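These are my notebook entries on one structure. I begin with a chain overview and then turn to one helix pair.

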Amino acid sequence: MSGLPTLLYKEVLRFWKVSTQTIGAPVLTAILFLLIFSHVMEERVRIYDAVPYAAFLVPGLVMMAVLQNAFANSSSSLIQSKITGNIIFVLLPPFAYWEFFAAYVLAAVVRGMVVGTAVLLVTLPFVEMAFRHPLWIVAFAFAGSAVLGALGMVAGIWAEKIDQVAAFQNFLIMPLTFLSGVFYSIHTLPAFWQGLSHFNPFFYMIDGFRYGFFGVSDVNPVRSLAVVAVFLGLVSGLTLALLKRGYKLRH
Amino acid sequence: MTAAIEFRDVHKRFGALQALSGIDLEVPQGEFFGLLGPNGAGKTTLISVLAGLVRADRGSARVLGHDVRADYRAARRSLGVVPQELVFDPFFTVRETLRIQSGYFGLRDNGAWIEEVMQHLDLASKAEVNMRALSGGMKRRVLVAQALVHKPPVIVLDEPTAGVDIQLRQALWQFIRRLNRDGHTIVLTTHYLEEAETLCERIAMLKEGRVVALDSKANLLKRVHHLFLRLRLAGELPAELRALDHGGSAAAHVLRLKSYEDVEQTLASIRRAGCRIEEMELAQPDLEDVFVEVMQRS
């Protein structure tokens, strides 16, 4: 029998055991964003005609939490294991490199989904939300968290110190999420920035995710999902190649 | 019969350091085998090649005939490794740690064996304790238990008794000997040469990435022909014997002699010098003497 289910279980149990930090903290952050931004921006911004700003903001905050937590899960698990040396416990068993990949990415998806659901639930009392196309919501949450789970693996495998993971997070993941339309529709941007946003894969994740709620988006959701799928394919390919080579794991 | 472990011409270089330079080694099934060598000799690197943690630049390694690269799944299922570093996962209790490790090998419903291993290693009372809260010795026991959860036919212990108290050391060896009697092949690296001398049937000595001695313990001990005469004297050691003195103090001496005939002559010259012998002991060479000689000669 394969060891994959156990590795997935262990990765989920790991974040579950410290849920105050891994679920509670991001939920609190999301509520603060919602309260502050909706208060400051409500009267100034109206993005889609029928959608109040606070309602527009919620899917963005949910997806941001999904993405950041998916990344945090795989990257912190790997770097902690490497630094403490207990990575040996997962290197000695007979895992195929794709099993290793699948377990860490799926655990990241679970973490992203759990945090995302929690953020959504606690924001519901503050806004009136529509759920036009639930399947699109799930599809984008899954694909987006899988991309970030795989990126987290790349960061965790590559980094040798915790601050290198933090740099990856702060200088790549954070800017890409903040500039992806979490807080605004890119249609409100000047043409240059609007054009540039189309090169940000995170934009398609959030835009498609938002479509699931309101049935309106900046880009056709099919096109968004295709872009995210291609990106997922590329990042997965890179991660699998690193694992197969044993890069920085098997010397 | 297929060898439990087989290394063929294994080379490994880390940057400027040639860690392994052509290791050829075979350990038959059921043997209690010792891997000795000074720090930096390549023992841990060699074990890591076997475990798939380090990839050899050249040559091959097999566990029960399974190549560690081409047939890594079968090779890793056959192998249990107790690492040298005291590592642990701070998120889990002892029982969780063992159940998870067992699951990694695809084993479900392995509870009975896990309980048995915990009993033997005196871990049962700590089963629900978080790994973080355990003492160093207890963590070491969990590492041994983790290496055994999948009942591997070949068990490698890398310095398992470093920094471990006598009680655990004895309990550990009792358990490992039992596993050996039950047919498990055991490979042990240790700095405690008396431990290797008591336990191992055959021994390889490594130096600078090469095997410099490989023989049965009995044959290795025969390599050193001299004897040690330990003496405590009232009076000075006669001048003609001073060249034979290896250490000791003003009153206690360790004389290195070539054969039993030399004992008579030595005692005669002590008598002639008018010295009185207060204490005397004749010692056979032990593995440490062999080790020192092999390391100096190679």
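How many helices and strands does the secondary structure of chain A come to? I find ten helices and zero strands in chain A, where helices (H or I, at least four residues) and strands (E, at least two) are DSSP runs numbered from the N terminus. I note that the model is predicted: local features need pLDDT of at least 70, side-chain atom pairs count only at pLDDT 80 or more, and totals for chains, interfaces and linings use all residues. Residues are numbered from 1 along each chain as its sequence is written, and chains are lettered from A and ligands numbered from 1 in the order in which they are written.

I looked up the dimensions of chain A next. The C-alpha trace of chain A spans about 55 × 35 × 35 Å along its principal axes. Of the 251 residues in chain A, 49% are buried (20 or more other C-beta atoms within 10 Å of the residue's own, C-beta atoms being placed from the backbone).

I then examined a helix pair. Helix H3 (residues 94-104) of chain B packs with helix H5 (residues 136-148) of chain B at an angle of about 25 degrees, the axes being 9 Å apart. H3(B) is therefore roughly parallel to H5(B) (angles under 35 degrees count as such). From H3(B), the contact uses Val94(B), Thr97(B), Leu98(B) and Gln101(B); from H5(B), Val142(B), Ala145(B) and Gln146(B). Residues are in contact if their C-beta atoms, placed from the backbone, lie within 7 Å.

Methods: Axes are lines fitted to C-alpha atoms, for helices over the stretch in contact, and angles run from 0 to 180 degrees between N-to-C directions. Angles under 35 degrees count as roughly parallel, over 145 as roughly antiparallel, 65 to 115 as roughly perpendicular and the rest as oblique. Two residues are in contact if their C-beta atoms, placed from the backbone, lie within 7 Å. A residue is buried if 20 or more other C-beta atoms lie within 10 Å of its own, exposed if 12 or fewer, and partly exposed in between; C-beta atoms are placed from the backbone.
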